[in-house]
Amino acid sequence: MAPERSRLAQRLRRVLRGDVLFDAFSRGRYATDASIYQVDPVGVVVPADEADAIAAIELARESRVPILPRGGGTSQCGQTVGEALVIDNSRHLNKVIAFDRDAMTVEVQPGIVLDHLNAWLRPHGLWYPVDVSTSAQATLGGMAGNNSCGSRSIAYGNMVHNVLGIEAILSDGTAEYFGPFGADAKRAMASARTGELVSRLFGIAARERDEIERRWPKVLRRVGGYNLDIFHPQSELPYTADGTVNLAHLLVGSEGTLAYFRRLVLKLLPLPSAKVLGVVNFPTFHAAMDSAQHIVRLGPSAVELVDRTMIDLSRANPVFRPTIESALIERDGRAPEAILLVEFSGDDRGALPGRLAQLVELMGDLGLPGSVVEMSDDGRQKALWEVRKAGLNIMMSLRGDGKPVSFIEDCAVPLEHLAEYTARLTEVFARHGTRGTWYAHASVGTLHVRPILDMRRQGAEGGAAKMRAIAEEAAAMVRRFKGAYSGEHGDGLVRSEWVGWQFGPRLTRAFEEIKDLFDPLGLMNPGKIVRPSSMDDASLFRFRPDYSPRPLDTALDWSAWDVQNDPVTERVTAPGSGGDPARGFAKAAEMCNNNGHCRKFDAGTMCPSYRVTRDERDLTRGRANTLRLALSGQLGDDALVSQAMHETMALCVGCKGCKRDCPTGIDMARMKIEVLYHHRKRHPLRMRERMVAFMPRYAPWLSRVAWLANLRDLLPGAAWLSERFFGLSAQRRLPAWRGDPFTRDRERASRDGAAAVVEAGPDVVLWADTFDNYFEPDNLRAARRVLQAAGYRVHVARAAPGDAQPDRPLCCGRTFLATGLVDEARAEARRTLAALAPWVQRGVPVVGLEPSCLLTMRDEFLVLGLGEAAAALASQALLFEEFLVREHEAGRLKLALRAMPQRRALLHGHCHQKAFDAVAPIRTVLGLIPSLKVESIESSCCGMAGAFGYEAEHHAISMKMGEAALLPAVRAAGPDDLIVADGTSCRHQIADGTQREAEHVARVLERALAG
Ligand SMILES: Cc1cc2nc3c(=O)[nH]c(=O)nc-3n(C[C@H](O)[C@H](O)[C@H](O)COP(=O)(O)OP(=O)(O)OC[C@H]3O[C@@H](n4cnc5c(N)ncnc54)[C@H](O)[C@@H]3O)c2cc1C
Ligand code: SF4
Ligand code: SF4
């Protein structure tokens, strides 16, 4: 570390209460945003409070180090990366400071996330209406920094139309409130310095008045440059109701280059009490584009495009398929080429059907009768908006080095030119050997499109060269159509050089004057908006010309990621052909495009550790970035096996939430196994990890002395000793060993002469996992009884003839995988495959109870290099309830169930069940019990996650994860409610956190058996 940098770090640490992060790993995690760029910051501070932020600015100024404020880091243009001291507001500076219900205003800190603010406002019947697609992660500070715009901007405007005031800190330490200016201003300028500054601003605006008129794009969606037109408005929508100047509006869109926003005062609106959606289906893309100009005349609050590629991608995604299909009208068996989502909203619910009827009539007049799917149900509308909002993310899941690149993706053109603009740009793409997918804001002429480019490739065919060529052609069209080159995402590194092109030399000089007035030392986020670098400066790229992963002999098979794609057809090459020296592992990590979707707190599972710590290190994105940098040697030699990497992975609970929720399919649980495998080669297992990993091997004999094994929770002081010597939390009871494991039933039955098996009926193999077998064998017995009651011949899988340990029960290898012992896991998997092969070959289903074990057969078994046998087993391995539902749906299930005393079941799905879409079957089978109402708990990971919650150092975090949703929901359940959880660790977490007993669904069904 350069000496000045280390001096600054020391000074910051002395003064700040919050985190000061100057190590290479932390800096690496803040070196990227959702753009193609990567710049190593000087350091990062995560202020604990506003005083910290102010002190950081002061110390940076004294050291002449640039300053870069940051929210969620979801910018697409590189405005959130730079060689500067990054100030991350998102972790602590996220409070509501003041609220005036009558005036409908709220004052907030910059790090508050839009969805959180709106959740806070909802009980008051208000909302903040700039509804960006990244509403679950975008902070108000970042939204103001970028002048962000939402899907409903046609009705509500952009950030600039909805910010009333900004309390700012300038780089010289001046604190000032920027807001309404003039006689009505509530707050006067605080200092002579800002008084002078403002009068100079007025002077510049007056001098440039004619140039503003001449050069300024006259569209709503213009976010490039500084908003100098607040002094002489050019926007289609006025900035203020009375036409006066609001100085905060100059700061909006300044991308951190003028001032640090300490607080923002926002204008609120009443929540619209009703909304309806008309989904117009178009036979051609051109027809959709051409219709937009007519549709907006009906006064909708949004008109959003989803094109054919996006429709197909959504249909291919199991999460989105049912929703998107409910919006489509197929003609002659063909899906539409595009749909427009047309929303009408208002307070008068009764008036909305009439407005939908107008839309239907209009489409008839335009030659498209019967093309509108009408949706008045709020749930259906919300689901479809989620699909649209996920648009970009869905698109980014393309594997290979060619990726959709954001650089002209928010040009805005007047609606009458939209059809021609999109058609011509599509031709431009084709000429450059690529193509793009179109979606988003048709209402305001801002259509998103990202041509697929390979930014690693150099020369004339390389991404940088094509990016420039396409940008120039697009710009020429934007000029011809009198549009705006940036209509949503801002300037940053990719578009600041186009500010001069858009506004001309006079206004560019005026922008530089503005910058120098606010920030004479040039410390605020330099190189953005004014005095920019070139968009194709490859030294700023995330994938620089010298980028290359290091060779790595991987434990798991990552070849599915080691591919290339054709930008036109999007066809991908064969697995393993992509040229990744890390055998696909590096390319898998590179899939993370930093969109920040994992920073969400509401629905889904991803990412439980971040939800608790709010630390970028503990986020799927933070981990993927760290891996990418380590695998490509950017964090020094041996980074993959370093302590810093170990810490990066430490709080990943392997829940597989990201496998399902991350739009690009980052599967950090699997990546963690790979990392641990390499870690193990250098660092031996600790005793505690050995105890966990090898449990399947010692369980048979330990269960024979179960009383001894259980003494830990009976003898006073034993738990304390176990924490002291093994790191097992004394605050937890360990799962109690049983002396009567399920796999010994046959022994006992034949000994007692009572082998009770159904002699006829279809076969099914019941897989006895280690956890249920040795800790809760009655679950397996219940499952057997239910299956037998339904008429199946239940076989319990045992080691194959010739197995070296014929008496040891089978194991899926989960505990070995969790500790990185991949070779041992593979050995267990081989035993299992050999034992199950005769059944699998006959097509007999293999049914298991513990989600993390059974689903290992459908997941990790496939990447352990076990060939066809593993694939065959994966296709037949089913969770108990999945099997029952399959039989039920096929009309084969004969299970007589009677009503139970309980009337309500509360269901918590195991994370791996959620990752495999396997929670619904539990609901279905519980639904077969007469009069039982089933409700799901909307929860992320329970926090126990295998051994994680038992580890002393993780106990507190584990409990916090549980407290995030699951444990309070269980506590709120009625005393007679059933609590159902299939995961062993989930049940233990519920017991520890609530003293309630949760049960496996098999136990519930067993009790409901009639007769
Ligand atoms: C998948 C995807 C979809 C998107 N959809 C939309 C969309 O619908 N509409 C839209 O407008 N944008 C969209 N964006 C872009 C981006 O999400 C938004 O601009 C968002 O508002 C940025 O918020 P953030 O908290 O991530 O800001 P950041 O990226 O962290 O910061 C944005 C800018 O604001 C500055 N800044 C942050 N905090 C402060 C502060 N306290 N003081 C001064 N300056 C500050 C930063 O320096 C930076 O220049 C999308 C991005 C992605 C990846
Ligand atoms: S890990 Fe996935 S969700 Fe998170 S930023 Fe990366 S791509 Fe987006
Ligand atoms: S596996 Fe779970 S904890 Fe780990 S990164 Fe993914 S979502 Fe987060």
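The questions below take up the ligand shell and then the cavities.

Tutor: This is a predicted model, in which local features need pLDDT of at least 70 and side-chain atom pairs count only at pLDDT 80 or more, while totals for chains, interfaces and linings use all residues. Residues are numbered from 1 along each chain as its sequence is written, and side-chain values use heavy atoms, with hydrogens and water left out.

Student: Which side-chain N or O atom lies 2.6 Å from an oxygen atom of ligand 1?

Tutor: Among the polar contacts (pairs of N or O atoms within 3.5 Å), a backbone N or O atom of Gly72 lies 2.8 Å from a ligand 1 oxygen, and a polar side-chain atom of Thr139 is placed 2.7 Å from an oxygen of ligand 1. The 2.6 Å pair belongs to the side chain of Ser75.

Student: Which element supplies the largest share of the shell around ligand 1?

Tutor: At least two shell residues come from each of β3 (67-70), α5 (140-146), β10 (260-267) and α15 (391-395), helices (H or I, at least four residues) and strands (E, at least two) being DSSP runs. The largest share, 5 residues, is that of α5.

Student: How much space lies in the largest cavity?

Tutor: A cavity is a set of points on a 1 Å grid over the protein atoms alone where a 1.4 Å probe fits but cannot get out, and the search finds 8 of 30 Å³ or more. The lining of the largest divides into 11 nonpolar, 4 polar and 7 charged residues. Its volume, the space filled by probe spheres set on the points, is about 300 Å³.

Note on methods: Chains are lettered from A and ligands numbered from 1 in the order in which they are written. A polar contact is a pair of N or O atoms within 3.5 Å; within protein, one must be able to donate a hydrogen and the other to accept it, and residues adjacent in sequence count only if both atoms are side-chain atoms. On a 1 Å grid over the protein atoms alone, a cavity is a set of points where a 1.4 Å probe fits but cannot get out, and a pocket is an open set with protein on both sides within 12 Å along at least five of seven lines; lining residues have an atom within 4 Å of a point. Ala, Val, Leu, Ile, Met, Phe, Trp, Tyr, Cys and Pro count as nonpolar, Asp, Glu, Lys and Arg as charged, and the others, Gly among them, as polar.
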